[in-house]
Structures are given as structure tokens and as C-alpha cells.
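Work through the exercises below with the sequence and the coordinates at hand.

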Amino acid sequence: MVTLLGRAGRLQEACELIKSMPMQPHSRAWGTLLLACSVHNNVEFGEIAAQRRFDLEPNATAYYSLLANIHSSAGRWDDVRRLRKLWKEKKLSKLSGCS
């Protein structure tokens, strides 16, 4: 359902659906919303989805890269630099072909 709402650009509804789940949402639900935010260039919900995803899987480097791409598309270069600095501080490394 999150995928369908995300593809339709109904990001707020997708976010509310995830938050209203009776159990703790799996990290993939937040990752799906983050991907939809990338497609629709939505920084606000992208930040929310990324933070929840990072809380559940702090070493998922592909999602740091995805969030950095969302910020760069919006021209938010300070946020891109902040993310890359955080990436280096956590000593994360990206697997080739997984971004």
C-alpha cells in the first residue's frame, strides 16, 4: 500500500499509513517512502522517512546516498555536506553498485 501511495505522489498519506500501523513498521516501509520522496523530489517527507530508516538500520549506506540526492535535487548543498560528513564520521562505506 505504501508503494502504491508513493507512486501516486500521495506521500503524506503513505507516511500516515506507516505511522498508524499497529506494529512497529519494518525499515523497508520507510525505505519505500524515501524512494517515493526521491521520485517526487519531496525533501520534507524524505527527511522523515530517512531518519526513521536510519534509526532502524543505521548502516544502510544506500539510503544516506538517496537522501543526499534528494537534497542535491532541491539545491540544499549544506544538507548534502552534512550528510557526507556524518557518513564519514560513522565510517560507512558504500558497496559498489548499491546506491
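## Exercise 1: Fold and overall dimensions

The protein chain has six helices and zero strands, where helices (H or I, at least four residues) and strands (E, at least two) are DSSP runs numbered from the N terminus. This is a predicted model, in which local features need pLDDT of at least 70 and side-chain atom pairs count only at pLDDT 80 or more, while totals for chains, interfaces and linings use all residues. Residues are numbered from 1 along each chain as its sequence is written, and side-chain values use heavy atoms, with hydrogens and water left out.

**Task.** Describe the order of the elements and compare the radius of gyration of the protein chain with that of a compact globule.

**Solution.** Step one: read along the sequence, the pattern is α-α-α-α-α-α. Step two: the globule rule is 2.2 Å times the number of residues to the power 0.38, and the radius is taken over C-alpha atoms. Step three: for 99 residues a compact globule would have a radius of gyration near 13 Å, and the protein chain, at 13 Å, agrees with this. Step four: along the principal axes, the C-alpha atoms fill a box of roughly 35 × 30 × 25 Å.

## Exercise 2: Burial and contacts

**Task.** Determine what percentage of the 99 residues is buried, and what share of the contacts with a separation of 6 or more comes from residues 24 or more positions apart.

**Solution.** Step one: buried means under 20% relative accessible area, exposed over 50%, and partly exposed in between (1.4 Å probe, protein chains only); buried residues make up 37% of the protein chain. Step two: contact means heavy atoms within 4.5 Å, and residues 24 or more positions apart account for 50% of the contacts with a separation of 6 or more.

## Exercise 3: Salt bridges

**Task.** Examine the salt bridges of E57, D78 and D79, giving distances and the exposure of the partners.

**Solution.** Step one: a salt bridge is a side-chain nitrogen of Lys or Arg within 4 Å of a carboxyl oxygen of Asp or Glu, and the structure holds six of them. Step two: E57 pairs with R53, the closest N and O atoms being 3.6 Å apart; E57 is partly exposed at 33% relative accessible area, whereas R53 is buried at 5%. Step three: D78 pairs with R81 at 2.6 Å between the closest N and O atoms, and because these two lie three residues apart in helix α6 (residues 77-89), about one helical turn separates them. Both partners are exposed, D78 with 57% and R81 with 52% relative accessibility. Step four: D79 and R82, with closest N and O atoms 3.6 Å apart, are likewise three residues apart in helix α6; D79 is buried at 17%, while R82 is partly exposed at 41%. Step five: E47, R76, D79 and R82 are linked in a network of salt bridges.

## Exercise 4: Two individual residues

**Task.** Locate N41 and K19, and state what the backbone of N41 and the contacts of K19 show.

**Solution.** Step one: N41 lies in the loop between α3 (27-39) and α4 (43-56), and has a positive phi of about 50° although it is not a glycine. Most residues other than glycine have a negative phi. Step two: K19 lies in helix α2 (residues 11-19) and is partly exposed at 47% relative accessibility. Step three: leaving aside neighbours within four places in sequence, K19 is in contact with W30 and R52. Step four: K19 and E57 are 38 residues apart in sequence and 17 Å apart in space, C-alpha to C-alpha.
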